[in-house]
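I would ask everyone to look at the structure now being shown, and I shall then describe one part of it.

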Amino acid sequence: MLNLKKTAVAVLAFGSSAVFAGAMGPVCSAVNVTVPCESTAWDFGGKALYLQPSYSSGVGLERTFTTSTGEGVAVGKNPQWSWGFMIEGSYHFNTGNDLNINWYHINKSASRSFDVATAGTILSGLGFAAGTGSVTVDPHWDAVNFEFGQHVDFGESKSIRFHGGAEYVRLTGNTTLVSPSAGVFVNNAIASVTSITTNPTYNGFGPRLGADMSYDWGNGLGIYANGAGAVLAGSSKFSNVFSTAANGSLTAAGSSTVVVPELEAKLGATYTYAMAQGDLTLDAGWMWINYFNVLNSDVLSVANNNGDFGLQGPYIGLKWLGNVA
């Protein structure tokens with residue numbers, strides 16, 4: 001009998017401790033990671049881009065002048081905001097796979113006049129004499145991406161599209177400087193140069209990886225954060241033309257093979273409207289892109305300066321997704 005009572009007390013004590021232990025909180029369970037059911041579909045879309053190109057200080061495309069008020073002004077370093085576009089198309093197949101091709105394009109030329117109050121303002125061996133001059137900045141950007149993607153769902157609201165593929169890019173950063181009528185100082189010596197045109201270009205191709213992370217709020221609303229990177233190998237060229245008052249010109253040119261890393265990111269939101277013949281998605285956000293040490297501008301043969309080329313700004317677009325029976 002005594003042993004039976006001891007056993008009962010032990011069972012009660014164990015049970016009470018289990019009750020208190022269970023009161024610590026709910027037990028969490030792991031989220032299921034799944035892929036969509038097998039389906040076949042096409043999508044087509046486009047975006048309007050409003051981006052500002054930018055150059056790093058090493059590329060030699062910016063100039064600082066002393067104005068008529070004695071103030072130093074940078075001319076040509078930050079080109080104007082530019083309208084561009086992106087168009088894309090995808091084929092969806094199997095369980096969340098897709099093949100996507102997209103093309104980004106920016107081309108904007110902008111000019112600005114400036115006054116130089118004091119002759120001999122020198123930066124990297126270049127200085128303008130006193131007078132009025134102008135600068136024209138004409139950046140171009142074309143990027144074509146080929147991607148193979150896999151869509152993965154993390155629970156009901158979260159998903160990631162992992163993708164890999166290849167990227168082709170063409171960049172140019174044309175800048176034309178027209179000197180004041182008094183002439184141009186070159187390497188601290190007066191010369192009869194009337195204009196200088198720098199034309200750095202880059203053509204590159206290489207592998208690309210990325211991830212598109214999204215969160216579904218419900219009722220067609222969603223937010224996302226996308227990131228991607230590429231390693232591009234290609235030719236970096238420069239061509240500088242120095243025009244003289246006697247209608248002559250001198251050209252300096254060169255090229256080299258350059259491996260360029262590229263990074264990009266996007267933050268945005270979507271709204272999807274289900275239609276009888278597919279889904280229509282409104283997409284808006286902000287993007288950042290940078291190509292490192294990509295443009296070579298050997299201005300006046302002072303140095304071989306490689307500099308970054310970047311873009312950032314908002315975009316808005318539409319995409320239609322239609323299932324294939």
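In strand β6, the residue that forms the bridge partner of His92 is Asp98. Before I go on, please note that this is a predicted model.

Let us start with the strands. β5, residues 82-93, and β6, residues 97-107, pair in the antiparallel sense over ten bridges. Together they form a hairpin with three residues between the strands, and in that hairpin Asn94 takes a positive phi near 55 degrees.

β5 also pairs with strand β2, residues 41-55. Those two strands run antiparallel as well, and eleven bridges join them. To give one example, Ala48 has Phe85 as its bridge partner in β5.

Is Ser82 buried or exposed? Ser82 has a relative accessibility of 0% and therefore counts as buried, since buried means under 20% relative accessible area.

Which residues does Ser82 touch, if we leave aside its neighbours within four places in sequence? The contacts are Leu49, Tyr50, Leu51, Pro53, Ile106 and Lys108. Of these, Ile106 is 24 residues from Ser82 along the chain, yet their C-alpha atoms are separated by 6.9 Å.

My next topic is the aromatic rings. How many aromatic pairs does the structure hold? There are nine, and I shall present two.

In the pair of Trp42 and Tyr91, the ring centres are 4.8 Å apart and the planes meet at 45 degrees, so the pair is tilted. Trp42 belongs to strand β2 and Tyr91 to strand β5, so this pair ties together parts that are 49 residues apart in sequence. Trp42, at 41% relative accessibility, counts as partly exposed, and Tyr91, at 29%, also counts as partly exposed.

The second pair is Phe93 with Phe148: here the centres lie 6.4 Å apart and the planes are again at 45 degrees, so this pair is tilted too. Phe93 is in strand β5 and Phe148 in strand β10, residues 131-154, so the pair links parts 55 residues apart in sequence. As for accessibility, Phe93 is buried, with a relative accessible area of 17%, whereas Phe148, at 42%, counts as partly exposed.

Finally, which residues form one aromatic cluster? They are Trp42, Phe44, Tyr91, Phe93 and Phe148.

Thank you for your attention.

Definitions and conventions:
Residues numbered from 1 in each chain as written. Predicted model: local features only at pLDDT ≥ 70, side-chain atom pairs only at ≥ 80, totals over all residues. Heavy atoms only, no water. Pairing = 2+ DSSP bridges. Helix = DSSP H or I, 4+ residues; strand = E, 2+ residues; numbered from the N terminus. Buried < 20%, exposed > 50% of the residue type's maximum accessible area, 1.4 Å probe, protein only. Contact = heavy atoms within 4.5 Å. Phe/Tyr/Trp six-rings, centres within 6.5 Å; stacked < 30°, edge-to-face > 60°.
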